[in-house]
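Have a look at the structure first, then read on.

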Amino acid sequence: MKPLRIVTSTLVAAFAVAAASAANLTIGLGTDVTALDPHYHNVTPNNNVGAHIFGYLVMRNEKSQLIPGLATEWKAIDATTWEFKLRRGVKFHDGSEMTAEDVKFSIERMKTIAGPNPATIYVRRVDTVTIVDPYTVRITTLGPSPTLANDFIRVFIVSHRAAAGLTPQNANEAFNRGGAGAGAAVGTGPFKFVSWTPRDAFVMERFEQYWRGPSPWQRVTRKEVPNDPARV
């Protein structure tokens, strides 16, 4: 068994060096995304891509505990009112700063979005969203909602500037078209949307101003390879 351990350790070390020095990453996946609008179609492939391009208001760690995301803290004011404090200095991919206006816009958009499986379930308890100041939002709920923060781990924040004026008829095309300067897919995530060829490849590029620090990968390509042996 000792030689096997030596060989295994050598391979792991070699892989680590290659991964650290490589600029691009290509991943083979069995299923492609269906839409880039993070509120339109709530399915796993879309959410996985959304987590790279957009940002969550609240996040979970490896122990499934709630941790700060785009919101740094939150508290219940009373039985039907929550207050969320937002992270300052967070940049969208177009260089604009994320503020309470983007959070209010995103939550209100989620409440009305139409799609095959929209993300409205995560804001179903929300009645109104009030901007207290540029970095504070107050949310009134439809009755007591002690677990509201748990729902908000699925609240993707989009740019109110990039997505302003979109309708159910043109929103998909606007998000699928691209990001800053091209379409509505402008987020605060670690990667910027570059291109998408349905049933083929989805390409993302590192966002240097990501609030958690830039990714080690310059470019990531998700390739759809439905055939299991071919993908391996």
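Let's start with a term you'll need all the way through: a residue is buried if its relative accessible area is under 20%, exposed if over 50%, and partly exposed in between, using a 1.4 Å probe and protein chains only. Take Lys85: its relative accessible area is 31%, so it counts as partly exposed.

This is a predicted model, so local features need a pLDDT of at least 70 and side-chain atom pairs count only at pLDDT 80 or more, while totals for chains, interfaces and linings use all residues. Residues are numbered from 1 along each chain as its sequence is written, and side-chain values use heavy atoms, with hydrogens and water left out.

**The chain as a whole**

- The protein chain has six helices and 12 strands; these are DSSP runs numbered from the N terminus, with helices being H or I of at least four residues and strands being E of at least two.
- Of its 232 residues, 42% count as buried.
- A contact means heavy atoms within 4.5 Å. Among contacts in the chain with a separation of 6 or more, 58% are between residues 24 or more positions apart.

**Lys85 and its neighbours**

- Lys85 sits in strand S6.
- What does Lys85 touch, not counting residues up to four places away in sequence? The list is Leu70, Ala71, Thr72, Glu73, Tyr135 and Thr136.
- Lys85 and Pro134 are 49 residues apart in sequence, and their C-alpha atoms are 9.5 Å apart in space.

**Helix H3**

- The expected span of a helix is 1.5 Å times one less than its number of residues. Helix H3 (residues 100–112) has 13 residues and so should span 18 Å, which agrees with the 19 Å between its end C-alpha atoms.
- The buried residues of H3 are Ala100, Asp102, Val103, Ser106, Ile107, Arg109 and Met110.
- Those buried residues pack against strands S6 (81–86), S7 (126–133), S8 (136–141) and S9, and against helix H5 (171–177).

**Aromatic pairs**

- Rings of Phe, Tyr and Trp (its six-membered ring) pair if their centres lie within 6.5 Å; planes under 30 degrees apart count as stacked, over 60 as edge-to-face and the rest as tilted.
- By this rule there are eight aromatic pairs. One of them is Tyr56 with Phe156, which is stacked, at 4.3 Å centre to centre and 25° between the planes.
- That pair links distant parts of the chain: Tyr56 is in strand S2 (residues 55–56) and Phe156 is in strand S9 (residues 156–157), 100 residues apart.
- Both Tyr56 and Phe156 are buried.
- Ring pairs also join Phe54, Tyr56, Phe156 and Phe175 into a cluster.

**Pocket and cavities**

- On a 1 Å grid over the protein atoms alone, a cavity is a set of points where a 1.4 Å probe fits but cannot get out; a pocket is an open set with protein on both sides within 12 Å along at least five of seven lines; and lining residues have an atom within 4 Å of a point.
- Grid points are joined across faces, edges and corners, and a volume is the space filled by probe spheres set on the points.
- The largest pocket has a volume of about 170 Å³. Its lining has 14 residues, and Ile27, Leu29, Asn48, His52 and Arg222 lie nearest its centre.
- Strand S1 (24–29), helix H2 (44–53) and strand S12 (219–224) are the elements giving two or more residues to that lining. H2 gives the largest share, five residues.
- Two cavities of 30 Å³ or more turn up in a search of the whole structure. The largest cavity has a volume of about 50 Å³, and its lining includes Asp37, Asn46 and Phe54.
- The second largest cavity holds about 40 Å³ of space, and both Tyr56 and Phe156 are among its lining residues.

**Two residues with positive phi**

- Most residues other than glycine have a negative phi.
- Ser64, not a glycine, has a positive phi of about 65°. Ser64 lies in the loop between strand S3 (58–60) and strand S4 (66–68), and its relative accessibility of 47% makes it partly exposed.
- Arg199, not a glycine, has a positive phi of about 65°. Arg199 lies in the loop between strand S10 (191–197) and strand S11 (201–206), and is exposed, with a relative accessible area of 64%.
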